[in-house]
Amino acid sequence: MERDELSAILLSAPGWARVGLTMPDAHIRERAADTLAATIIEKLQGVPAPDVNQLRLPL
């Protein structure tokens with residue numbers, strides 16, 4: 001992977017996640033890091049990652 005490709009992937013991540021890494025709240029930082037990681041994986045694999053805002057309902 002090239003540096004330019006990774007930069008483009010990071011810039012395509014949701015804005016709140018990029019800003020969330022700088023928040024003082026550890027929970028928000030963890031959610032932001034998870035969202036950024038999911039964005040990178042999604043773009044590299046070409047498979048859409050699950051929406052982090054989707055509620056998980058028991059079956």
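1. Val19 sits in helix 2, which spans residues 15-20. In this predicted model, Val19 has a relative accessibility of 47% and therefore counts as partly exposed, given that the exposed class begins over 50%. Together with Met23 and Ile28, Val19 makes a nonpolar surface patch of about 220 Å².

2. Arg18 is also placed in helix 2. Its relative accessibility is 36%, so Arg18 is classed as partly exposed. Apart from neighbours within four places in sequence, Arg18 contacts Leu10, Leu11, Ala13 and Leu36. With Ala13 there is a polar approach as well: a polar atom of the Arg18 side chain lies 3.3 Å from the backbone oxygen of Ala13.

3. Arg18 can also be placed relative to Ala32. The two are 14 residues apart in sequence, and their C-alpha atoms are 6.8 Å apart in space.

4. Thr35 belongs to helix 3, residues 26-45. Its relative accessible area is 7%, so Thr35 is buried, the cut-off being under 20%. Leaving out residues up to four places away in sequence, Thr35 touches Pro14, Trp16, Ala17 and Val52. Of these contacts, Trp16 and Ala17 fall within the residue range of helix 2.

5. On confidence, the chain averages a pLDDT of 86, and 92% of the residues score at least 70. Helix 2 has the highest confidence, at 93, and helix 1 (residues 3-12) the lowest, at a mean of 90. Where pLDDT is low, the predicted coordinates should not be read in detail.

How values were computed. Residues numbered from 1 in each chain as written. Predicted model: local features only at pLDDT ≥ 70, side-chain atom pairs only at ≥ 80, totals over all residues. Heavy atoms only, no water. Patch = residues over 30% accessible without salt bridge, like charges linked within 9 Å, V, L, I, M, F, W, Y side chains within 5 Å. Areas by Shrake-Rupley, 256 points an atom, 1.4 Å probe, with all protein chains shown as cover. Salt bridge = Lys/Arg side-chain N within 4 Å of Asp/Glu carboxyl O. Helix = DSSP H or I, 4+ residues; strand = E, 2+ residues; numbered from the N terminus. Buried < 20%, exposed > 50% of the residue type's maximum accessible area, 1.4 Å probe, protein only. pLDDT = per-residue confidence, 0-100. Contact = heavy atoms within 4.5 Å. Polar contact = N/O pair within 3.5 Å; in protein donor to acceptor, adjacent residues only side chain to side chain.
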